[in-house]
Amino acid sequence: MESEPNPLDVLSAVLDPVRLAVLGASVRGAVSIPMLAEELEVRPKEIARAVGDLRAVGLLSADGELNDDALVDVGRGLPKAHPDLGEPIEGPWTETEAAIIGRFFSGVRLIEIPTSHRKRRLVLEKIAQEFEPGERYAERDVNFRIQLIHADYAAIRRYMVEEGFMDRADGAYWRTGGRYELPDIDDSAPLRIQTSLEGVFLVEYTYDKLDELLDAAGAEEIHRYMSDQFPYPYTRDDGESWIEACVAQDSPTNFLVEVDGVLRGGVGAMAGSGEKAGVAEIGWWLNPAWWGRGITSAAANALVEYLFTERDFVRLWAPVMAPNAASARVAEKAGLVLEGTAPSAYVKYGVRYDELDFGITRERWETLRSS
């Protein structure tokens with residue numbers, strides 16, 4: 001009884017242009033070595049060798065026909081989703097680094113290439129561990145090793161060279177990067193965005209801000225005209241869940257508002273998807289003790305600028321409950337215009353309120369900024 005084909009052997013076998021062409025031709029029927037050699041303009045000997053290699057891994061029958069059952073067996077043998085998705089990755093990493101890498105890997109497979117530069121560098125260093133320092137690799141060997149991790153081996157190979165983890169010359173590649181390349185990959189240095197007010201910053205959320213978040217978000221006045229997604233009372237569980245969700249973002253869209261080094265509020269965006277790709281709903285809140293100082297407007301303006309210049313959003317919108325005149329003024333000062341009213345769209349504490357919909361496109365924002 002023949003054993004099931006090894007998926008890695010099969011993958012290795014087809015990572016060759018001639019063998020791949022032979023396999024493609026077998027879909028039409030039994031492979032004719034002379035005809036295929038003429039079609040591909042290669043020597044019949046090369047076609048015969050490719051046929052033999054594909055037979056050896058079970059993809060072709062003795063008659064040169066495609067072995068459908070072998071393909072089914074290969075599919076069954078491919079790695080399934082790793083049950084520990086999101087768990088820290090073992091290796092020479094700090095606890096923080098291991099947690100970040102774990103969000104992008106499922107077992108040995110890379111789920112997605114991070115868009116954040118610092119997190120992408122960390123993932124690339126993880127992949128660089130597959131290459132021994134001082135050893136030279138042919139490009140096909142580099143492609144093969146990377147393809148076992150992610151399908152887009154060409155993009156990752158390019159990133160590896162661009163970021164200094166690998167170098168190449170005369171068709172050979174070798175590892176040049178490692179631990180010494182990573183001092184800038186440090187979640188303890190969160191993204192900070194200066195607003196127009198001195199001492200007021202938008203800062204990426206970190207776990208050590210939990211107590212400050214609870215102090216700032218607990219006031220009942222904040223909840224009065226906010227969506228019920230902003231809980232009241234604001235519990236420790238609420239704060240932990242919110243910070244965990246923010247920390248998990250590849251590129252942040254939610255920020256705490258820091259005033260003289262202390263968390264006093266928050267701003268953020270909820271990105272759309274599918275047909276709403278490139279559109280985000282934005283919002284803001286501030287502890288009542290700091291109202292009336294222009295802090296929310298400065299924070300909202302900084303958020304809009306960040307979303308249009310550092311992210312790929314083309315439109316932002318902000319729903320406001322009609323009685324919340326202060327929030328409507330914040331939207332207008334950030335350049336958003338009232339685009340419409342949805343009657344009786346909200347109910348808070350048993351009272352119905354209209355929804356004021358403010359919005360702005362990147363094109364309009366750029367026009368306002370240049371005027």
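I started with the largest nonpolar core, which has 35 residues; L202, V257, I282, L316 and L336 touch the most other members. Next I listed the elements that give this core two or more residues: the strands β7 (200–204), β8 (254–259), β9 (262–271), β10 (279–286), β11 (315–321) and β13 (351–361), plus the helices α13 (295–309) and α14 (325–333). The top contributor is α13, with 9 residues. All of this is read off a predicted model.

Then I looked up a second, separate core; it holds 24 residues, among them L124, V142, I156 and Y173.

Leaving out residues up to four places away in sequence, L202 touches L191, R192, I193 and T195, then F255, L256, V257 and V267, and finally A299, A302 and L303.

**Whole chain**

The chain has 15 helices and 13 strands. It runs to 371 residues, and 43% of them count as buried. I took contacts between residues at least 6 apart in sequence, and 60% of those join residues at least 24 apart. The exposed surface comes to about 20,200 Å², with 50% of it supplied by carbon and sulfur atoms.

**Helix α9**

Which residues of α9 are buried? In this helix (residues 153–162) I found A155, I156, R157, Y159 and M160. I156 I had already met in the second core. After α9 comes G164, with a positive phi near 85°.

**α6 on α7**

I checked how α6 (residues 95–102) sits on α7: the packing angle is about 90° and the axes are 10 Å apart. So α6 is roughly perpendicular to α7. E97, I100 and I101 make the contact from the α6 side, while K119, L122 and K126 make it from α7. By type, the contact splits into 3 nonpolar and 3 charged residues, with no polar ones.

I went through the backbone torsions next. Y232 and P233 are joined by a cis peptide bond, omega about -5°. P233 is in the loop between α11 (220–223) and α12 (236–247).

D260 has phi near 50° and is in the loop between β8 and β9. Is D260 buried or exposed? Its relative accessible area is 60%, so D260 is exposed. Y349 also has phi near 50°, and its place is the loop between β12 and β13. Y349 counts as exposed because its relative accessibility is 54%, with the cut-off for exposed being over 50%.

**G340**

Last stop was G340, in strand β12 (residues 337–348). With a relative accessible area of 25%, G340 is partly exposed. Which residues does G340 touch, not counting those up to four places away in sequence? I got E355, L356 and D357. I also took the C-alpha to C-alpha distance from G340 to P319: 9.9 Å in space, for residues 21 apart in sequence.

Terms used: Residues numbered from 1 in each chain as written. Predicted model: local features only at pLDDT ≥ 70, side-chain atom pairs only at ≥ 80, totals over all residues. Heavy atoms only, no water. Buried < 20%, exposed > 50% of the residue type's maximum accessible area, 1.4 Å probe, protein only. Helix = DSSP H or I, 4+ residues; strand = E, 2+ residues; numbered from the N terminus. Axes fitted to C-alpha atoms, helices over the stretch in contact; angles between N-to-C directions. Parallel < 35°, antiparallel > 145°, perpendicular 65-115°, else oblique. Contact = heavy atoms within 4.5 Å. Nonpolar A, V, L, I, M, F, W, Y, C, P; charged D, E, K, R; others polar. Core = buried A, V, L, I, M, F, W, Y, C linked by side-chain atoms within 4.5 Å. Areas by Shrake-Rupley, 256 points an atom, 1.4 Å probe, with all protein chains shown as cover.
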